[in-house]
Amino acid sequence: MDMLELMEWLAERGVTTVFKVDGERMVEGKKAWMVVVSGGPLGEDSFFRVDVSTADACLDALLAHLEGKGLSPWA
């Protein structure tokens with residue numbers, strides 16, 4: 001599953017999702033990739049954000065968070 005498929009899967013469940021890459025941070029050698037999710041089955045007060053160095057790490061962190069909440073796109 002790629003990021004776009006995962007974003008669509010999350011949106012179908014009412015989850016707001018933002019993936020971002022910051023070019024300035026990347027040029028500076030900082031953690032340029034970010035994902036934010038909230039809402040839907042994650043709960044009204046649930047908000048998850050992670051800043052990491054690669055797109056793959058971003059996706060891995062999000063999938064681990066979803067599994068911790070009992071959500072899995074493979075279930």
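Okay, some ground rules. What we have is a predicted model, where local features need pLDDT of at least 70, side-chain atom pairs count only at pLDDT 80 or more, and totals for chains, interfaces and linings use all residues. Numbering starts from 1 along each chain as its sequence is written, and side-chain values use heavy atoms, with hydrogens and water left out.

Let's start with helix 1, which covers residues 3-11. Helices here are DSSP runs of H or I with at least four residues, strands are runs of E with at least two, and both are numbered from the N terminus. Which residues of helix 1 are buried? They are M3, L6, W9 and L10. Buried means under 20% relative accessible area, exposed means over 50%, and partly exposed is in between, with a 1.4 Å probe and protein chains only. Those four cover an arc of only 125° around the axis, so they sit on the same side of helix 1. That arc is taken from the directions from the helix axis to the C-beta atoms. Turned away from that buried side, you find the exposed residues L4 and E8.

And what do the buried residues of helix 1 pack against? Strand 1 (16-21), strand 2 (33-38) and helix 3 (55-68), where contact means heavy atoms within 4.5 Å. Look at the start of helix 1 too: a side-chain oxygen of D2 comes to within 3.1 Å of the backbone nitrogen of L4.

Now the strands. Strand 2 is mostly covered, with five of its six residues buried. Strand 2 runs antiparallel to strand 1, and six bridges join them; strands count as paired if DSSP finds at least two bridges between them. For a landmark, find T17, opposite V37 in strand 2. Strand 2 also pairs with strand 3 (residues 47-52), again antiparallel and over six bridges. There, V35 has V50 as its bridge partner.

H65 is in helix 3, and it counts as buried because its relative accessibility is 16%. Leaving out residues up to four places away in sequence, H65 touches V37, L42 and F48.

Then there's D22, in the loop between strand 1 and helix 2 (23-27). Buried or exposed? D22 counts as buried, because its relative accessibility is 19%. A polar atom of the D22 side chain lies 3.0 Å from the backbone nitrogen of E24.

That's my tour, thanks.

Technical notes
Polar contact = N/O pair within 3.5 Å; in protein donor to acceptor, adjacent residues only side chain to side chain.
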